[in-house]
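Work through the exercises below with the model open. Each task is followed by a stepwise solution.

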Amino acid sequence: MQKRIVIIGGGFAGINLALELGKNTYYQVTLVDKNNYNFFPPLIYQVATAYLEPSSISYPIRKLFRSKDNLHFRLGELVKVVPESKQVVLSNGDLDYDMLVFATGAETNYFGMENVKKHAIPMKTLSDAIQMRNRLLTHFEEATISKDPDEVRKTLNIVIAGGGPTGVEISGMFAEMRYRIMHKDYPELKNTGAEIYLVDGGAALLKPMSKKSQQHTLEQLTALGVKVILNSHVSDFVDDEVIFSDGTKIPTKNLIWAAGVSAMQFEGIPITSYGRGKRLMVNAYHQIEGLTDIYAIGDTCYLTGDPAYPEGHPQVAQVAIQQGKNLAANFKRLAEKKDQRGFVYSDRGSMAIIGRNQAVVDLPKPKIHLKGFIAWCAWLFIHLLSLISYRNRINTFYHWTVAYFSRDQSLRMIIRPVDLPSTDAEPLEELNTSPQDLHKL
């Protein structure tokens, strides 16, 4: 009888674990996710700024699982875990498991600031990216008909909180759009005095990267006209004003939140199993401490068994991918009654794109720093290869090519979901409509 593995989460970690176990007759694998697609978070900001379509960075999970008879998908959300009976309760039913794997990633961390949580634009999911695109394009349209210069500036000012790769990349993208696109699409908005601000609480941008990368990034963003504010935290967002820890304020309707993430907690998992940032504490084999046959991989886990990372691994894509593959290899060894191997992270380097022909790359082995056009080409190449399907790669490459040579893109459309009629609609007879009338319609 096949062993049942249930994976909660279809991100980098969960998808790589499932695909590595595809066609393995020893295991039946069910992946659970609230979305029916996998997407590529490092390119979320390009969907948000209308340089890529959502379909360029996403792919249906069921299509990924085709021809792999032991892989199954379940659309739903985790409600709680019942470790005693080896069962998970979902929003639409229950599942039994022999091994349970948490690969739930992380969610946006607002550090307890309710106004920021309520009014800022997050940058974590595909839905966030579409919401941001709609909101910003709507604000641009509103600004074209406003007669109040102060209101126009407030509507167009953009504040990005968080100086990591996402914050750097999105601020650079907005700066490029301001110079190359805005004056063409919105001639009414010339000389408004609106600014792009990138804010971080640290002393430098791209904190994990080398000082050379940090300095080059600061210089290039400043040259693009981005106002970089360091050593300052956002403390509130009230009445269309971003308030900083030193009391200064910036009037804006657009606060983009890329300042931090936090793992999630789940009913049924003891509070003692959680560590820093709500991450599940696991041993070198990804097993959650104090629990049997329950594992965690990716951003949601806190693994301290790797000698090079005693404080846990960074919450980045490569860690999640490698952990998913390592756990899959260990499950295969378990089926063959072989010893498991502890996880050791192989750092492939860090990179961030700044703007057209500008990026920074740090490679650990050998220790190499790249900047400018070469780093930009490397960034494009690595991100294309990292997309999950050939279709995604071709689609993304096409849009990038068009954008590069035309210095423009044609995806700036406001597409809002329509509210569907309630499923609690009145029965036909109460609407005074007969079957004969419906037939005529």
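**Exercise 1. Helix H6**

Which residues of helix H6 (residues 149-156) are buried? Then find what they pack against.

Solution. The model is predicted.
- Step 1. Val152, Lys154, Thr155 and Leu156 are the buried residues of H6.
- Step 2. These buried residues pack against helix H5 (126-145) and strand E12 (158-161). Strand E17 (249-251) and strand E18 (254-257) also take part in the packing.
- Step 3. Look at the start of H6. A side-chain oxygen of aspartate 148 comes to within 3.0 Å of the backbone nitrogen of aspartate 150.

**Exercise 2. Asparagine 254**

Is asparagine 254 buried or exposed?

Solution. 
- Step 1. Asparagine 254 is found in strand E18.
- Step 2. Its relative accessibility is 0%, so asparagine 254 counts as buried.
- Step 3. Set aside residues up to four places away in sequence. Asparagine 254 then touches Leu136, His139, Lys154, Thr155, Leu156, Asn157, Ile158 and Val159.

**Exercise 3. Two further salt bridges**

How many salt bridges does the model hold? Examine the pairs aspartate 98 with arginine 4 and glutamate 176 with arginine 180.

Solution. 
- Step 1. The count comes to ten salt bridges.
- Step 2. In the pair of aspartate 98 and arginine 4, the closest N and O atoms are 3.3 Å apart. This pair links distant parts of the chain, 94 residues apart. Aspartate 98 sits in the loop between strand E8 (93-96) and E9, and arginine 4 in strand E1.
- Step 3. Aspartate 98 is buried at 16% relative accessibility. Arginine 4 is partly exposed, at 27%.
- Step 4. Glutamate 176 and arginine 180 meet at 1.9 Å, N to O. Both lie in helix H7 (residues 165-185), four residues apart, about one turn of the helix.
- Step 5. Glutamate 176 is buried, with a relative accessible area of 10%. Arginine 180 counts as partly exposed at 25%.
- Step 6. Now look for shared partners. Salt bridges join Glu151, Lys154, Asp240 and Lys253 into one network.

**Exercise 4. Helix H9**

What span should helix H9 (residues 317-335) have, and what is the distance between its end C-alpha atoms?

Solution. 
- Step 1. H9 has 19 residues. At 1.5 Å a residue, H9 should span 27 Å.
- Step 2. The end C-alpha atoms of H9 are 27 Å apart, which agrees.
- Step 3. The buried residues of H9 include Val319, Ile321, Leu327 and Phe331. Gln322, Gln323, Asn326, Asn330 and Arg333 are also among them.
- Step 4. The buried residues of H9 pack against elements including strand E1 (3-8), helix H1 (12-20) and strand E2 (27-33).
- Step 5. Lysine 337 follows H9, and its phi is positive, near 60°.

**Exercise 5. Valine 79 and isoleucine 382**

Where do valine 79 and isoleucine 382 lie, and which residues form a nonpolar surface patch with isoleucine 382?

Solution. 
- Step 1. Valine 79 is in strand E6 (residues 78-82). It is partly exposed, with a relative accessible area of 43%.
- Step 2. Valine 79 and phenylalanine 266 are 187 residues apart in sequence, yet 7.5 Å apart in space, C-alpha to C-alpha.
- Step 3. Beyond its neighbours within four places in sequence, valine 79 contacts Val89, Leu90, Ser91 and Glu267.
- Step 4. Isoleucine 382 lies in helix H10 (residues 373-386). Its relative accessible area is 38%, and it is partly exposed.
- Step 5. Phe381, Ile382 and Leu385 make a nonpolar surface patch of about 290 Å².

Notes
Residues numbered from 1 in each chain as written. Predicted model: local features only at pLDDT ≥ 70, side-chain atom pairs only at ≥ 80, totals over all residues. Heavy atoms only, no water. Patch = residues over 30% accessible without salt bridge, like charges linked within 9 Å, V, L, I, M, F, W, Y side chains within 5 Å. Areas by Shrake-Rupley, 256 points an atom, 1.4 Å probe, with all protein chains shown as cover. Salt bridge = Lys/Arg side-chain N within 4 Å of Asp/Glu carboxyl O. Helix = DSSP H or I, 4+ residues; strand = E, 2+ residues; numbered from the N terminus. Buried < 20%, exposed > 50% of the residue type's maximum accessible area, 1.4 Å probe, protein only. Expected span 1.5 Å × (residues − 1). Contact = heavy atoms within 4.5 Å. Polar contact = N/O pair within 3.5 Å; in protein donor to acceptor, adjacent residues only side chain to side chain.
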